[in-house]
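Dear colleague,

Please find below the structure that I am handing over to you, together with its sequence.

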Amino acid sequence: VLNKAPGFDDRDLERIMALGRALTSHLNIYKLVSSHIAATQEVESLLETIPDVIYKIDLEGKIQYMSKRVEFWGYNADNLIGKPISALMSLPEQNAVKDLTDLLLTASEGDMPSTKALEVLIHPGNSLLKQKSQRVEPYYGEVNASAYWSSRPGKPRELTGGIGIIRDITRSKETERKLHAA
């Protein structure tokens, strides 16, 4: 259009306006994507500052999100994606966690099943087991979890999995054990 011989006609003006609308549309999409990316990074940064392990599981009980705090127990958060949440637990705890997961993931509309302060033993991950100088005893964790319902405008709420927090209570358990022994 701009390389054309002098003089614009109506078709040239329509083309320029269409180009302007397309650029404006692309700019709006870019702003939307950029703000979504920034919001996602902000939430991830916030989650990483929390001293507890935060997780999200799908309807099959498999991990969809795991905060980096789990690395303190010797696990790689990215390697846990797709594995059952019980993979963190010592064998005796796995059945209790499976029962909890089943309860959360069979919730019906209006239900808000949750657990508060379920104590579990966390089996140390491979990176700790490989280092002989590190602790290899299980950690004590306190699980607080609930069903997770997604909602979209104009759609009914849908059960999509569960979310939870695992707080490391090892120090308080060890102190409690020492007090009982004294």
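Lys-173 pairs with Glu-176 in a salt bridge, in which the closest N and O atoms are 3.7 Å apart. Please bear in mind throughout that this is a predicted model. Because Lys-173 and Glu-176 are three residues apart in helix H5, about one helical turn separates them. Lys-173 also meets the side chain of Glu-119 in a salt bridge, at 2.8 Å from N to O. This second pair links distant parts of the chain, since Lys-173 belongs to helix H5 (residues 170-181) and Glu-119 to strand S3 (residues 114-122), 54 residues apart.

Glu-119, at 41% relative accessibility, counts as partly exposed, and Glu-176 is partly exposed with 39%.

The count of salt bridges comes to five. One of them joins the side chains of Glu-60 and Lys-62, at 3.7 Å from N to O. Here Glu-60 is exposed, with a relative accessible area of 62%, whereas Lys-62 counts as partly exposed at 31%.

I turn next to the pocket and cavities. The largest pocket has a volume of about 230 Å³. Its lining comprises 13 residues, and those nearest the centre are Gly-74, Tyr-75, Asn-76, Lys-83 and Asn-126. By type, the lining of the largest pocket divides into five nonpolar, seven polar and one charged. Helix H2 (77-80) and helix H4 (126-129) each supply at least two residues of this lining, and H4 gives the most, with three residues.

A search of the whole structure finds two cavities of 30 Å³ or more. The second largest cavity holds about 40 Å³ of space. Its lining consists of Pro-51, Asp-52, Val-53, Arg-69, Phe-72, Trp-73, Ile-166 and Asp-168, which divide into five nonpolar, no polar and three charged.

Two further points concern nonpolar residues. On the surface, Ile-29, Val-33 and Ile-37 form a nonpolar patch with about 250 Å² of accessible area together. Ile-29 lies in helix H1 (residues 10-49) and counts as partly exposed, at 48% relative accessibility. Trp-149, by contrast, is buried, with a relative accessible area of 13%. Trp-149 is placed in strand S4 (residues 139-150). Trp-149 and Thr-160 are 11 residues apart in sequence, and their C-alpha atoms are 5.7 Å apart in space.

With kind regards

Terms used: Residues numbered from 1 in each chain as written. Predicted model: local features only at pLDDT ≥ 70, side-chain atom pairs only at ≥ 80, totals over all residues. Heavy atoms only, no water. Patch = residues over 30% accessible without salt bridge, like charges linked within 9 Å, V, L, I, M, F, W, Y side chains within 5 Å. Areas by Shrake-Rupley, 256 points an atom, 1.4 Å probe, with all protein chains shown as cover. Salt bridge = Lys/Arg side-chain N within 4 Å of Asp/Glu carboxyl O. Helix = DSSP H or I, 4+ residues; strand = E, 2+ residues; numbered from the N terminus. Buried < 20%, exposed > 50% of the residue type's maximum accessible area, 1.4 Å probe, protein only. 1 Å grid on protein atoms, 1.4 Å probe; cavity = no way out; pocket = protein on both sides within 12 Å on 5 of 7 lines; lining within 4 Å. Points joined across faces, edges and corners; volume = space filled by probe spheres on them. Nonpolar A, V, L, I, M, F, W, Y, C, P; charged D, E, K, R; others polar.
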